Amino acid sequence: MLLNALENRIKVYLVEVDAYARLTLTALLKSLSRRIYFRELVFQFDRIGFESLFIVMLTGVFTGMVMALQGVALFNRFGATNLVGSVIGASIVRELGPVLAALMVAGRVGSAITAELGTMKVTEQIDAYLVEGTDVVRKLVVPRFLACLLSMPLLTVFADAVAILGGFFIISTTTEINATYYWLSVIDFLTISDVFLGCAKPLFFGLVIASISCHLGMRARHGSAGVGVAAKRAVVLSSVFILVSDFFLTKIFLVLFP
């Protein structure tokens, strides 16, 4: 009995993984074609990108200010407070900016995408599209995929910029550190590979958020309660996959760009 239950559970997971991989691959391939619902793409870009800008920038500016406070307190022990800018710049661009922006978008956008598609699924709107012969992946999934992929690098750039400005605000108002040293240390310690890494990660995180959210939304069942469960799973799974993939991406980039 126990083995049968375990076997059935494994089969369910494998079916989910297969459906997720098929939807992701199909959406990626159709994203490369010219047949795109452009108006829907603009609408989704506005919802996913522009409407997430405030929360992402708010997260970035306070993260930069906290890092500046902690950096000054720590480097004061060693008389090396002029290095605070380098620590803030490298940490924000390489790690904190991409990850925090992605987590904010996963919480705000991932649940919304899943809830929207899940509601369309349980109210049989998606079935109606299929009966009409509409390509639901091209119409519903591809615009959200592209909007996430385009928005995430841009949101991360804004998050990085305001985080470094937040650090500058704390340095210039609470310490006697020369502002010029701050900006020079930020610039001197950043490399082209850091900027490349800081832009590549958000692209992958956007793919994670869009693929998980769309997959769970398209497979939502059991009415409004099932949609709520799917939205919660989308946020949790997206956040976990972002953190796990960040570790492996960092390992890969450190090997490629030591």
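Author: Axes here are lines fitted to C-alpha atoms, for helices over the stretch in contact, and angles run from 0 to 180 degrees between N-to-C directions. The model is predicted, so local features need pLDDT of at least 70 and side-chain atom pairs 80 or more, while totals for chains, interfaces and linings use all residues. Residues are numbered from 1 along each chain as its sequence is written, and side-chain values use heavy atoms, without hydrogens or water.

Reader: What makes α2 oblique to α4?

Author: The axes of α2 (residues 38-48) and α4 come within 10 Å and cross at roughly 135 degrees. Angles under 35 degrees count as roughly parallel, over 145 as roughly antiparallel, 65 to 115 as roughly perpendicular and the rest as oblique. The pair α2 and α4 is therefore oblique.

Reader: Which residues of α2 and α4 meet?

Author: Contact means heavy atoms within 4.5 Å. Gln 44, Arg 47 and Ile 48 in α2 meet Arg 108, Val 109, Ala 112, Ile 113 and Glu 116 in α4. By class, the contact of α2 with α4 has 4 nonpolar, 1 polar and 3 charged residues. In this scheme Ala, Val, Leu, Ile, Met, Phe, Trp, Tyr, Cys and Pro are nonpolar, Asp, Glu, Lys and Arg charged, and the others, Gly among them, polar.

Reader: Why are α4 and α7 called oblique to each other?

Author: The axes of α4 (residues 84-122) and α7 come within 7 Å, crossing at roughly 45 degrees. That angle leaves α4 and α7 oblique. Gly 85, Ser 86, Ile 88 and Gly 89 in α4 touch Tyr 182, Ser 185, Val 186 and Phe 189 in α7. The contact of α4 with α7 divides into 4 nonpolar, 4 polar and no charged residues.

Reader: Why is α6 called roughly antiparallel to α8?

Author: Helix α6 (residues 136-174) packs against α8 (residues 192-218) at about 150 degrees, with the axes 8 Å apart. The pair is therefore roughly antiparallel. Residues from α6 in this contact include Phe 145, Leu 149 and Met 152, and those from α8 include Pro 202, Leu 203 and Ala 210. By class, the contact of α6 with α8 has 15 nonpolar, 4 polar and 1 charged residues.

Reader: Where is confidence lowest, and where highest?

Author: On pLDDT, the predictor's confidence in each residue from 0 to 100, the chain averages 85, and 99% of the residues score at least 70. Helix α7 (residues 179-189) is lowest at a mean of 80, and α6 highest at 89.

Reader: Which residues does the "transmembrane region" annotation cover?

Author: The unreviewed UniProt entry gives residues 53-75, 145-171, 191-213 and 234-257. In the model, residues 145-171 are 100% helix, with end C-alpha atoms 39 Å apart. Residues 234-257 are 96% helix, and their end C-alpha atoms lie 32 Å apart.

Definitions and conventions. Helices (H or I, at least four residues) and strands (E, at least two) are DSSP runs, numbered from the N terminus. UniProt positions are given in the numbering used here, feature names are shortened, and annotations may be inferred rather than shown by experiment.
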